[in-house]
Amino acid sequence: MIEEALGAPLRIRILLALWEHGEINATELAHILGTNYAQLATHLKDLINYGLVEERRVGRVRLVKVRKDDVVISLIKALIVANEKIKQNQKILNKTNSQS
C-alpha cells in the first residue's frame, strides 16, 4: 500500500512542500512545484484517498494540507531525513567523481 501511496515522485514532492508551507492553495502549490494543475490534482486526489492529505474549499479556492496524524507526520519526517541524506550522498559522489 505504501508503494502505491508514494509511488510517484510528485507525490513525495507534494508532501514535502505541504510540510514546508502548511495549508496552501492548490494552484499556488502547483506553481511552487513547477507542475500543471491537472497533474497536481490527480496526485492530490490519490494522497487524499490514502489519508495523507486533507483538503477544504473556501468558495472556489481549494486549500490542501498534510493530515495531522502521528503516522503521517512520522512518514513525512522520515522522508525529509532520507531526502537530506540522499542529497549529501550525491554531493559526496559528485565531488569524488570530479576528482577522478
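I count Ala, Val, Leu, Ile, Met, Phe, Trp, Tyr, Cys and Pro as nonpolar, Asp, Glu, Lys and Arg as charged, and the others, Gly among them, as polar.

The model is predicted, so local features need pLDDT of at least 70 and side-chain atom pairs pLDDT 80 or more, while totals for chains, interfaces and linings use all residues. Residues are numbered from 1 along each chain as its sequence is written.

**Pocket**

Helix α2 gives the most, five residues.

**α3 and α4**

Helices here are DSSP runs of H or I, at least four residues, numbered from the N terminus. I read an angle of about 110° between α3 (residues 26-33) and α4 (residues 37-49), with axes 9 Å apart. That makes the two roughly perpendicular (65 to 115 degrees). The contact (heavy atoms within 4.5 Å) includes Leu29 and Leu33 of α3 and Tyr37 of α4. Its residues are seven nonpolar, one polar and no charged.

**α2 and α4**

Next I checked α2 (residues 9-21) against α4: about 80°, axes 10 Å apart. This pair is also roughly perpendicular. Among the residues that meet are Arg11 and Ile14 in α2 and His43 and Asp46 in α4. I note six nonpolar, two polar and two charged residues in this contact.

Notes
Heavy atoms only, no water. Axes fitted to C-alpha atoms, helices over the stretch in contact; angles between N-to-C directions. Parallel < 35°, antiparallel > 145°, perpendicular 65-115°, else oblique.
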